[in-house]
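I opened a new page for this one.

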Amino acid sequence: LTNERFHGARPAVELLLEAIHTLPMPRKRQHVVYILSCYVRPAAIESLLDAIAKDLRVTEVRILFDYSEVFVQGPSPLQQAFQNIAEALRVRHGMTIQWRPIRPASGALVHAKAYGVAELNSQRQVAAGCLLFGSANATHRGLGLSSRSNVELGSVVTNRREVERFFLLYQTLWAKETVSMDADLLKDQEELFRFALLCNGYFLSKWSGNLKSLLSIRYKLTE
């Protein structure tokens with residue numbers, strides 16, 4: 001799955017929408033969407049959810065991504081980007097969106113990619129659903145939303161038990177392997193504040209040392 005220039009292959013979004021059409025009463029029943037990706041671009045996720053919302057009534061969205069994205073994109077810009085699409089999708093479609101980075105204790109890269117859609121019963125068990133999994137990240141190129149999309153490989157599952165297994169695994173990852181971005185956001189804000197102080201020449205504390213002694217280089221001479 002990729003853009004249509006690669007031997008007639010089909011974009012990930014198209015394959016997922018085709019699977020969604022097999023769900024019973026997609027516009028009348030409430031559904032959840034779970035996204036698992038190594039790399040994420042909130043704008044690409046917004047486009048994906050807009051496309052899904054044309055055929056499906058989605059009330060809840062969860063997004064998991066590898067913690068490295070916090071460093072690559074910056075905690076504040078990434079958080080702001082997610083907040084922007086969350087507000088936009090809430091207004092347009094009534095969706096509630098949550099996102100969290102995964103950070104395994106081993107430090108391993110979370111390289112998995114999967115997109116699950118399900119109707120949950122009153123016990124939050126999967127009553128019906130579909131799943132797209134493979135190599136496609138939640139980015140414009142990964143999902144086939146760009147004219148320069150990647151060449152990806154994916155598979156669609158509509159078996160209820162298999163979809164339920166994915167949702168149970170996802171919920172375990174969400175509960176046990178994710179971390180909060182709050183500490184990184186606070187650190188990011190502190191560093192930006194310090195940078196602003198330096199740029200403006202404002203110093204809010206006294207320092208007993210001197211810059212010459214701090215920056216000087218000392219050599220130990222040998223006989």
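Is Arg124 buried, partly exposed or exposed? I looked it up: Arg124 counts as partly exposed, at 41% relative accessibility. I used these cut-offs: buried is under 20% relative accessible area, exposed is over 50%, and partly exposed lies in between, with a 1.4 Å probe and protein chains only.

Notes on the source. I am working with a predicted model, where local features need pLDDT of at least 70, side-chain atom pairs count only at pLDDT 80 or more, and totals for chains, interfaces and linings use all residues. Residues are numbered from 1 along each chain as its sequence is written, and side-chain values use heavy atoms, with hydrogens and water left out.

Entry one: salt bridges. I took a salt bridge as a side-chain nitrogen of Lys or Arg within 4 Å of a carboxyl oxygen of Asp or Glu. That rule gives 11 salt bridges.

I went back to Arg124. Its salt-bridge partner is Glu60, with the closest N and O atoms 3.2 Å apart. Arg124 sits in the loop between β4 (114-120) and β5 (126-134), and Glu60 in strand β2 (residues 58-66), so the pair ties together parts 64 residues apart in sequence. I noted that Glu60 is buried, at a relative accessible area of 14%. For helices I used DSSP runs of H or I of at least four residues, and for strands runs of E of at least two, numbered from the N terminus.

Next I checked Glu164 and Arg160. Their side chains form a salt bridge at 3.3 Å, N to O. Both lie in helix α6 (residues 160-176), 4 residues apart, about one turn of the helix. I also found a network: salt bridges with shared partners join Arg10, Glu14 and Glu18. Within it, Arg10 and Glu18 meet at 2.6 Å, N to O. Arg10 is partly exposed, at 29%, and Glu18 is partly exposed too, at 44%.

Entry two: a helix pair. I looked at helix α2 (residues 42-53) and helix α4 (residues 75-93), whose axes come within 9 Å and cross at roughly 15°. The axes are lines fitted to C-alpha atoms over the stretch in contact, and angles run from 0 to 180 degrees between N-to-C directions. I wrote down α2 as roughly parallel to α4, a term for angles under 35 degrees. The contact (heavy atoms within 4.5 Å) includes Ile45 and Leu49 of α2 and Phe82 and Ile85 of α4.

Key. Angles under 35 degrees count as roughly parallel, over 145 as roughly antiparallel, 65 to 115 as roughly perpendicular and the rest as oblique.
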